[in-house]
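Thanks for coming, everyone. Let me put the model on the screen, and then I'll walk you through a few spots.

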Amino acid sequence: MTRTVDVPVLVEEARAGTSRAVGRLISLVDDQHPALPELMAALAPHTGGAHVIGLTGSPGVGKSTTTNALIRALRDQDQRVAVLAVDPSSPFSGGALLGDRIRMNESASDPGVYIRSLASRGHLGGLSVSTPQAIRVLDAAGFDSIIVETVGVGQSEVEIAGAADTTLVLLAPGMGDGIQAAKAGILEIGDVFVVNKADRDGADSTVRDLRHMIQLGEGTAPGRWRRPVIKASALDGTGIDELAAAIADHLGWLASSGALRQRRTARARDEITALVIARLRARMGDLGSGGALDALAARVVDGGSDPHTAAEELLSGLGV
Ligand SMILES: Nc1nc2c(ncn2[C@@H]2O[C@H](COP(=O)(O)OP(=O)(O)OP(=O)(O)O)[C@@H](O)[C@H]2O)c(=O)[nH]1
Ligand SMILES: [Mg+2]
């Protein structure tokens, strides 16, 4: 059963800085509540002010530790900071594991910090639909920076990185070195690279390899963004000020080059597309077993129709 919600009141409370209201709004997103269209419409005029920072990397590379350190650095600049810990790997964990390491620190009692986990629950469109909407809630609630932590387990981080203005890619010496990074396709998505755990052996050579590989892929266009590689040790805070400065530089470059608007337009396009696909899927589901889809499939198997003709028929049946 879905509870009725007073969207305007919740939005007002969230914008006034009430964490509880922000939490309820994100739960509506998480549950794909029927009030979502109304909610998104109410939020829209208040969005666009936040800097969305994606942070990805292999399991255990130090994403949460770095997030903790970044929260402190951004709080020192009097920013309000939100963190979304997105776990695309497990529909079961409820995202709790990712978020836990962050929650345990002192940020828990700081009203200028909001931390929340999102997990794939297997619903239509999954995280590619819910993550950008959760970001919209936090954006409208007036957070200056929104950090989206995603564990890098394949394609998902590329998708989620698409939701960010600035994408940070974390590596560590000896694990997922440069070559691995190139294979995983993360060289393309990173705006700022961090070689974390620099207190360990091999950090310098990882930094060197990475710089080399990035330069190879970098064009010569004037005014392009030169992607920095920062050596850090999130555990003791080394390199975090430099990282915070690189993030601010990148935002400055995005704004002055016009890339910010381009990226956000591309993001909106993806969001619209994902929603359209999710809706089509839902309506095809309604046609499901015993319905028109099965009848068409049977005809294709019998040779009485072909997949193209069947798709055409299905689409016109949906009124598309
Ligand atoms: N030596 C060293 N250890 C670190 C550093 N940063 C993080 N760690 C340790 O590495 C382990 C994993 O750190 P997390 O921050 O939880 O890594 P994560 O990438 O968020 O991990 P998942 O969310 O599980 O993918 C922890 O034991 C940290 O204490 C660092 O700079 N140096
Ligand atoms: Mg983590």
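**A walk through the model**

Start with alanine 140: at 3% relative accessibility, this residue counts as buried, since the cut-off for buried is under 20%. Keep in mind that this is a predicted model. Alanine 140 sits in helix H6, which covers residues 126-140.

What does alanine 140 contact, leaving aside neighbours within four places in sequence? Arg15, Leu43, His46 and Thr47. Take the arginine. Alanine 140 and arginine 15 are 125 residues apart in sequence. In space, C-alpha to C-alpha, the two are 6.7 Å apart.

Now the helix pair. Arginine 15 falls within the residue range of H1, residues 7-15. Helix H3 is residues 36-43. H1 and H3 pack at an angle of about 45 degrees, and their axes are 10 Å apart. The two helices are therefore oblique to each other. The crossing of H1 past H3 is right-handed.

Which residues meet there? From H1, Val7, Pro8 and Val11. From H3, Glu38, Leu39, Ala42 and Leu43. By class, that contact has six nonpolar residues, one charged and no polar.

On to the metal. Which residues coordinate the magnesium ion, ligand 2? Ser64 through OG, and Glu149 through OE, at 2.1 to 2.3 Å. Serine 64 is in helix H4, residues 63-76, and glutamate 149 is in strand E4, residues 145-151, so the pair ties together parts that are 85 residues apart in sequence. Are these two residues buried or exposed? Both are buried.

Stay in H4 for a moment. Alanine 73 lies in that helix too. Alanine 73 is buried, with a relative accessible area of 10%. Setting aside residues up to four places away in sequence, alanine 73 touches Ile240 and Ala244.

Last, the whole chain. How many helices and strands does the protein chain have? 14 helices and seven strands. Of its 320 residues, 47% count as buried. Now take contacts between residues at least 6 apart in sequence. Among those, 74% join residues at least 24 apart. Alanine 140 with arginine 15 is one contact of that kind, at 125 residues apart in sequence.

Methods
Residues are numbered from 1 along each chain as its sequence is written. Chains are lettered from A and ligands numbered from 1 in the order in which they are written. This is a predicted model: local features need pLDDT of at least 70, side-chain atom pairs count only at pLDDT 80 or more; totals for chains, interfaces and linings use all residues. Side-chain values use heavy atoms; hydrogens and water are left out. Donors are N, O and S atoms within 2.8 Å of the metal (3.2 Å for Na, K and Ca); water is not among the atoms, so sites may look incomplete. Helices (H or I, at least four residues) and strands (E, at least two) are DSSP runs, numbered from the N terminus. Buried means under 20% relative accessible area, exposed over 50%, partly exposed in between (1.4 Å probe, protein chains only). Axes are lines fitted to C-alpha atoms, for helices over the stretch in contact, and angles run from 0 to 180 degrees between N-to-C directions. Angles under 35 degrees count as roughly parallel, over 145 as roughly antiparallel, 65 to 115 as roughly perpendicular and the rest as oblique. A crossing is left-handed if the near helix is turned anticlockwise from the far one by less than a right angle, and right-handed if clockwise. Contact means heavy atoms within 4.5 Å. Ala, Val, Leu, Ile, Met, Phe, Trp, Tyr, Cys and Pro count as nonpolar, Asp, Glu, Lys and Arg as charged, and the others, Gly among them, as polar.
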